[in-house]
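Me: I have a new structure open and would like a quick tour. Can we go through it bit by bit?
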Amino acid sequence: MVERPELASTAPAVGPYSAVTEANGFVFLSGQMGYDRSVGELVLGDVAVEAQLIMTNIEALLGELGLSWENVAKTTIFLADMGDFATVNEIYGAAVGDFKPARSTVEVAALPLGARVEIELIAAR
């Protein structure tokens, strides 16, 4: 397994984990929240803004890894409120385009730091 801490597009970890690891040709991207790299902090409160930042950051991370959405096999979306599903789904759909990885969306009791949405993924090289 290889950790990838050198990637510029990753947000600082809020716990004892790696933002990106690779193993056996797979890339595992830990849950991404609405981190605005231009100001160096999470942007919380507006689920559309959070979701857009997440998708922008995921695309940047994929690019740094030499990957694209076509390499993504599975995503998981965590929502603090399933009432935000339609908004997040629209932003997600616009970002992934015609390629549609397998996906799960689940509502959780809470997300770290008060986030409303978090997205993780698994990609294949």
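Predicted model: local features only at pLDDT ≥ 70, side-chain atom pairs only at ≥ 80, totals over all residues.

Me: Where is Leu 113 in the chain?
Reply: Leu 113 sits in the loop between strand 7 and strand 8.

Me: What about the phi of Leu 113?
Reply: Leu 113 is not a glycine, yet its phi is positive, at about 60°. Most residues other than glycine have a negative phi.

Me: Then Asn 24. What is its phi?
Reply: The phi of Asn 24 is near 50°. That is a positive value, again in a residue other than glycine.

Me: Where do I find Asn 24, and is it buried or exposed?
Reply: Look in the loop between strand 2 (20-23) and strand 3. Asn 24 counts as exposed, with 78% relative accessibility.

Me: How far apart in space are Asn 24 and Ala 124?
Reply: Their C-alpha atoms are 9.0 Å apart. Along the sequence, 100 residues separate Asn 24 and Ala 124.

Me: New topic. How many salt bridges are there?
Reply: The structure holds 2 salt bridges. In general, side chains of opposite charge can pair when their charged atoms come close.

Me: Which residue pairs with Glu 22?
Reply: Arg 125 does, and the closest N and O atoms are 2.9 Å apart. This pair links distant parts of the chain. Glu 22 is in strand 2, while Arg 125 is in the segment after strand 8, 103 residues apart.

Me: Is Glu 22 buried or exposed?
Reply: Glu 22 counts as buried, at 14% relative accessibility.

Me: And which residue does Arg 116 bridge to?
Reply: Arg 116 forms a salt bridge with Asp 84. The closest N and O atoms of this pair are 2.9 Å apart.

Me: What does that pair tie together?
Reply: Arg 116 lies in the loop between strand 7 (102-107) and strand 8, and Asp 84 in the loop between strand 6 and helix 2, so the bridge ties together parts that are 32 residues apart in sequence.

Me: How exposed are Arg 116 and Asp 84?
Reply: Arg 116 counts as partly exposed, at 26% relative accessibility. Asp 84 counts as buried, at 8%.

Me: On to the inside. Which residues touch the most other members of the largest nonpolar core?
Reply: Met 55, Ile 58, Trp 69 and Val 117 do, in a core of 26 residues. At least two core residues come from each of strand 3 (26-32), helix 1 (47-64), strand 6 (72-79), helix 2 (85-96) and strand 8 (117-124).

Me: Where does the largest share of the core come from?
Reply: Helix 1 supplies the largest share, with 7 residues.

Me: What is Trp 69 in contact with?
Reply: Leaving aside neighbours within four places in sequence, the contacts of Trp 69 include Met 55, Ile 58, Leu 62, Phe 99 and Leu 121. Pro 101 and Thr 75 are also among them.

Me: Back to the helices. How do helix 1 and helix 2 pack?
Reply: Helix 1 and helix 2 pack at an angle of about 25°, with their axes 9 Å apart. They are therefore roughly parallel to each other. Their crossing is right-handed.

Me: Which residues meet there?
Reply: From helix 1, Val 47, Ala 48, Ala 51, Gln 52, Met 55 and Glu 59 take part. From helix 2, the partners are Thr 87, Val 88, Ile 91, Tyr 92, Ala 95 and Val 96.

Me: Now Val 27. Where is it, and is it buried or exposed?
Reply: Val 27 is in strand 3. Val 27 counts as buried, with 2% relative accessibility.

Me: Last one. Where is Met 1, and what is it in contact with?
Reply: Met 1 lies in the segment before strand 1 (2-3). Leaving aside neighbours within four places in sequence, Met 1 is in contact with Thr 21, Glu 22 and Ala 23. Met 1 counts as exposed, at 76% relative accessibility.

How values were computed. Residues numbered from 1 in each chain as written. Heavy atoms only, no water. Core = buried A, V, L, I, M, F, W, Y, C linked by side-chain atoms within 4.5 Å. Buried < 20%, exposed > 50% of the residue type's maximum accessible area, 1.4 Å probe, protein only. Helix = DSSP H or I, 4+ residues; strand = E, 2+ residues; numbered from the N terminus. Contact = heavy atoms within 4.5 Å. Salt bridge = Lys/Arg side-chain N within 4 Å of Asp/Glu carboxyl O. Axes fitted to C-alpha atoms, helices over the stretch in contact; angles between N-to-C directions. Parallel < 35°, antiparallel > 145°, perpendicular 65-115°, else oblique. Left-handed = near helix turned anticlockwise from the far one by under 90°.
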